[in-house]
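Subject: Structure for your review

Hello,

Here is the structure I promised to send. Please have it open while you read the notes below.

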Amino acid sequence: MANQEQSITEDEAELYDRQIRLWGLDAQKRLRVTKMLLVGLGGLGAEVCKNIVLAGIKSITLLDDQKITEQDFSSQFLIMREDLGKNRATASVPRVQELNPNVAVTSDESSVASKDEDYFKQFDIVCLTCCKLETLLKVNAICHENDIKFFGGDIYGFYGYSFTDLNEHEFVMEKNKKVKEESTGGSSPKKQKVTMETVFLKKTINFTRLKEALEKKWGGTLRKEMKRMPPIFFMLQVLLKFEAVMGRRPRADSTENDRTKILELKTEVLQNLEMDPDFLKEDFASLVSGELSPVCAIVGGILGQEVIKAASQRNTPHNNFFLYDGEQSVGYVQCIKDS
């Protein structure tokens with residue numbers, strides 16, 4: 001990451017006062033030198049962007065080659081009605097800049113699939129949303145090889161996820177420690193007074209690539225371990241396969257046809273993972289179209305939080321999936337590795 005010794009101005013110290021009290025001045029300094037690429041300015045991308053910019057990073061580049069459609073207005077709050085038909089990234093810049101004038105905000109209207117390895121090397125953190133599996137795997141591999149912190153995420157109707165690959169990541173975590181003090185006054189027996197003291201511990205976590213996590217075979221997995229696995233992880237794999245095969249995401253105006261294809265792919269995907277095709281119920285296939293704004297807010301909040309933790313190197317990051325089931329209103333943090 002870039003030089004972490006950049007000083008915080010008095011105005012910035014006042015603006016970020018509550019954050020500095022929460023995670024410390026050094027963590028805020030790390031945030032203030034972080035350069036981030038955010039791909040995909042749909043509903044999830046808007047939530048992530050808002051959270052990161054308010055936290056006070058150095059710069060953010062918004063990359064999206066899609067035009068604004070009527071569907072975007074249901075979850076993307078950084079655009080205006082008069083922006084219909086304009087590029088999503090460029091149209092979002094004015095509202096993003098208003099959130100925090102201290103952050104440099106730029107846009108790029110090209111496709112992330114067209115970018116070469118050198119393009120990504122200018123960033124400390126890369127976050128992909130609304131991207132096909134092929135693109136996720138390609139960019140994740142580039143980031144992993146070049147020690148760039150990588151995040152991915154998406155929303156499919158009631159369901160959403162985020163993925164984190166920080167390669168080898170060092171961070172500081174707080175821990176409360178009991179300290180015993182002996183009283184020495186008078187002739188009475190000594191008494192011990194217990195107080196709590198906050199200590200800071202340095203930790204290191206090694207992350208796996210998305211490809212390795214998704215290719216894990218589950219045939220030899222113990223039954224009790226499978227019971228702990230959230231079904232949404234396997235739903236995600238089916239939906240990524242659908243997008244790869246159909247060249248598009250599930251649509252509300254094609255629910256029945258999409259449902260039929262999703263259930264067909266469910267069998268194929270689960271068999272490839274050495275699983276019983278009946279592990280997943282069929283109900284989910286009708287609940288996966290569009291970006292529901294409440295789901296975007298929850299997953300975007302978690303994803304933004306993880307980006308901030310990675311940039312500031314404070315607190316334990318999620319390793320490596322956050323999976324959200326909006327139908328059941330429950331989220332899971334799951335570490336999935338091909339081992």
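**The sheet**

Strands β1 and β2 are parallel partners, joined by five bridges. Two strands count as paired if DSSP finds at least two bridges between them. Helices (H or I, at least four residues) and strands (E, at least two) are DSSP runs, numbered from the N terminus.

A word on the source: this is a predicted model, in which local features need pLDDT of at least 70 and side-chain atom pairs count only at pLDDT 80 or more, while totals for chains, interfaces and linings use all residues. Residues are numbered from 1 along each chain as its sequence is written, and side-chain values use heavy atoms, with hydrogens and water left out.

Back to β1 and β2. Lysine 35 sits opposite serine 59 of β2. β1 is mostly covered, with four of its five residues buried. Buried means under 20% relative accessible area, exposed means over 50%, and partly exposed is in between (1.4 Å probe, protein chains only).

The open sheet has eight strands, in the order β3-β2-β1-β4-β5-β6-β9-β10, and its pairing is mixed. β3 (104-108) and β10 (330-334) are at the edges; each has a single partner strand, so one side of each has no neighbour in the sheet. On average, neighbouring strands are turned by 15° against each other, direction ignored. As a reminder, strands of a sheet pair through backbone hydrogen bonds, either parallel or antiparallel.

Helix α4 (residues 43-55) lies across β1 (35-39), β2 (59-63), β4 (125-129) and β5 (149-156). α4 runs at about 165° to β1. Axes are lines fitted to C-alpha atoms, for helices over the stretch in contact, and angles run from 0 to 180 degrees between N-to-C directions.

β9 (residues 321-325) and β10 run antiparallel, joined by five bridges. Phenylalanine 321 has glutamine 334 of β10 as its bridge partner. Is glutamine 334 buried or exposed? Glutamine 334 is buried, at a relative accessible area of 18%. Neighbours within four places in sequence aside, glutamine 334 is in contact (heavy atoms within 4.5 Å) with Arg228, Met229, Pro230, Asn319, Asn320, Phe321 and Leu323.

**Pockets**

Definitions for this part and the next come from a 1 Å grid over the protein atoms alone. A cavity is a set of points where a 1.4 Å probe fits but cannot get out. A pocket is an open set with protein on both sides within 12 Å along at least five of seven lines. Lining residues have an atom within 4 Å of a point. Grid points are joined across faces, edges and corners, and a volume is the space filled by probe spheres set on the points.

The largest pocket has a volume of about 840 Å³. It is lined by 32 residues, and the closest to its centre are Gln66, Arg88, Cys130, Glu243 and Arg249. The lining divides into eight nonpolar, 12 polar and 12 charged residues. Ala, Val, Leu, Ile, Met, Phe, Trp, Tyr, Cys and Pro count as nonpolar, Asp, Glu, Lys and Arg as charged, and the others, Gly among them, as polar.

Glutamine 66 is in the loop between β2 and α5 (88-99). Glutamine 66 is partly exposed, at 41% relative accessible area. Neighbours within four places in sequence aside, its contacts are Lys86, Asn87 and Arg88. The C-alpha atoms of glutamine 66 and asparagine 87 are 5.9 Å apart, though 21 residues separate the two along the chain.

The second largest pocket has a volume of about 330 Å³. Of its 14 lining residues, the closest to the centre are Leu133, Leu214, Gln237, Lys241 and Asn272. α10 gives the largest share of this lining, four residues. The lining of the second largest pocket divides into seven nonpolar, two polar and five charged residues.

**Cavities**

How many cavities of 30 Å³ or more does the structure hold? There are two. The largest cavity holds about 50 Å³ of space. Its lining divides into seven nonpolar residues, one polar and no charged. α10 gives the largest share here, four residues. The second largest cavity has a volume of about 40 Å³. Its lining residues divide into four nonpolar, three polar and two charged.

Best wishes
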